[in-house]
Amino acid sequence: VLDTGLWKHTGIKTDSAGNTRIKAVYNAMTDSVATSPLSGDDPAGHGSHVASIAVSSLMTDDGTARYNGVAPGAHLVSVQAFNENGEGTYADVIRAIDWIVANRNKHKIRVLNASFSAEPRSHYWDDPINQAIMVAWQNEIFVVAAAGNRGPDPMSIGVPGNVPYVLTVGARTDNYPPADGSDDELASFSSSGPTVEGFVKPEVVAPGGH
């Protein structure tokens, strides 16, 4: 998870089998690896939010014996490139991706979640963040990126979601009530394709409204 850090609550610290899941914590802004995977924090909360959706091993409270996270047994590596305000620089993000690629075998990194977005200012292949993302893809890391929050206008997909080699995810709203899927639609804030180069994006939408 490349984001704002990690708040290590119980569902994050341990997997569904009760084993410690966090393999490493890297801060690209200080270019430092935490001495303990359980150290570090998340002053913004966004990284913890994203990681919890992905891997939380906490159980639901509704008696259905389901996990809160999509992949409750997965390992986790936290890479921070954004500050307490959710702000980051191209240099920090590229440094973070470089570290992920360099340590992919050591920590068995198979998936990179990039739930951030920047406004495209060039073709996707000329953008420095996208170039780093494509190196990750070339090294067999599956990249999942956010479509961005600049919707609903077309051609508003952000960087790195505009890279054709990554899975780009948009947000849908349930429009109330949640149980009725017939009225679900793309959330008004969710960025829409196609990209400037004509690629259909996003490939997937997931609950993001309410």
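Reader: Which way do β2 and β3 pair, parallel or antiparallel?
Author: Antiparallel, over 2 bridges, with β2 covering residues 22–27. Keep in mind that this is a predicted model.

Reader: And what stands opposite V33 in β3?
Author: That's Y26.

Reader: What holds paired strands together in general?
Author: Strands of a sheet pair through backbone hydrogen bonds.

Reader: OK, what's the strand order in the sheet?
Author: The order is β1-β4-β2-β3, in an open sheet of 4 strands with mixed pairing. β1 (2–3) and β3 (32–33) stand at the edges. Each of those two has a single partner strand, so one side of each is left without a neighbour in the sheet.

Reader: Switching to the inside. How many residues are in the largest nonpolar core?
Author: It has 30 residues. L2, V79, V93, I97 and I100 have the most contacts inside that core.

Reader: Which elements give two or more residues to it?
Author: β2, β4 (76–80), α3 (90–102), β5 (111–114), α4 (128–138) and β6 (142–146). The element that gives the most is α3, with 6 residues.

Reader: Let's do charges. How many salt bridges does the count come to?
Author: The count comes to 5. One of them joins the side chains of D184 and R172, at 2.7 Å from N to O.

Reader: Where do D184 and R172 lie?
Author: R172 is in strand β7 (167–173), while D184 lies in the loop between β7 and β8 (185–186). The two are 12 residues apart in sequence, so the pair ties together a strand and a loop.

Reader: How accessible are those two, D184 and R172?
Author: D184 counts as partly exposed, at 24% relative accessibility. R172 is partly exposed too, at 26%.

Reader: Give me another salt bridge. What does R66 meet?
Author: The side chain of R66 meets that of D62, with 3.2 Å from N to O. D62 is partly exposed at 48% relative accessibility, and R66 is also partly exposed, at 48%.

Reader: What about E119, which side chain does it meet?
Author: R121, in a salt bridge of 3.6 Å from N to O. E119 is partly exposed, with a relative accessible area of 42%. R121, on the other hand, is exposed at 72%.

Reader: Is S188 buried or exposed?
Author: Exposed, because its relative accessibility is 56% and the cut-off for exposed is over 50%.

Reader: What does S188 touch, not counting residues up to four places away in sequence?
Author: It touches G151 and P152.

Reader: And how many Å separate S188 from R172, C-alpha to C-alpha?
Author: They are 8.4 Å apart in space, and 16 residues apart in sequence.

Note on methods
Residues numbered from 1 in each chain as written. Predicted model: local features only at pLDDT ≥ 70, side-chain atom pairs only at ≥ 80, totals over all residues. Heavy atoms only, no water. Salt bridge = Lys/Arg side-chain N within 4 Å of Asp/Glu carboxyl O. Buried < 20%, exposed > 50% of the residue type's maximum accessible area, 1.4 Å probe, protein only. Contact = heavy atoms within 4.5 Å. Pairing = 2+ DSSP bridges. Core = buried A, V, L, I, M, F, W, Y, C linked by side-chain atoms within 4.5 Å.
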